[in-house]
Amino acid sequence: MNELDEIGIKHGTDKSSVHHNYLVHYEKVLKHLKDEPICLFELGWGGYTFPERGGQSVRMWREYFQNGRIVCLELYEKITPLENRIHLYRGSQIDEILILALMKQFNPTVVLDDASH
């Protein structure tokens, strides 16, 4: 088991080997950035319309990229605790103006699309 998968299991993300097993691939591609001050922009907080659900992968990324900032765009309203280095915005992935504004504001190093499937 790799480090990212261990963190993913800890936070309950469906990207871990318990579910879809994507993290083995993500770690191969992103490991060289682990200690860098990156910005990771993820589309999709998760939890569907339930305000109290989701955020597992965002919390996983926060722990893995300890010097990084995590930005997330989610369609539905979420109740989230304020967490250092996590920025959650409400909006649609098809809103080009919003996406461009967030890209300009944060200049992400990595963009992951885990929104509408």
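Colleague: Which residue does K10 form a salt bridge with?
Modeller: K10 pairs with E63, and their closest N and O atoms are 2.9 Å apart. A salt bridge here is a side-chain nitrogen of Lys or Arg within 4 Å of a carboxyl oxygen of Asp or Glu. Bear in mind this is a predicted model: local features need pLDDT of at least 70, side-chain atom pairs count only at pLDDT 80 or more, and totals for chains, interfaces and linings use all residues. Residues are numbered from 1 along each chain as its sequence is written, and side-chain values use heavy atoms, leaving out hydrogens and water.

Colleague: Where do K10 and E63 sit?
Modeller: K10 is in helix α1 (residues 3-11) and E63 in helix α3 (residues 56-64), 53 residues apart. Helices are DSSP runs of H or I, at least four residues, and strands are E runs of at least two, numbered from the N terminus.

Colleague: How many salt bridges are there?
Modeller: The count is 6. One of them joins E42 and K15, at 3.1 Å from N to O.

Colleague: Is E42 buried or exposed?
Modeller: Buried, because its relative accessibility is 0%; the cut-offs are under 20% relative accessible area for buried, over 50% for exposed and partly exposed in between (1.4 Å probe, protein chains only). K15 is buried as well, at 2%.

Colleague: Which residues are linked in a network of salt bridges?
Modeller: K15, E42 and D114.

Colleague: And what about R90, what does R90 form a salt bridge with?
Modeller: E77, with the closest N and O atoms 3.2 Å apart. R90 counts as exposed at 54% relative accessibility, while E77 is partly exposed at 48%.
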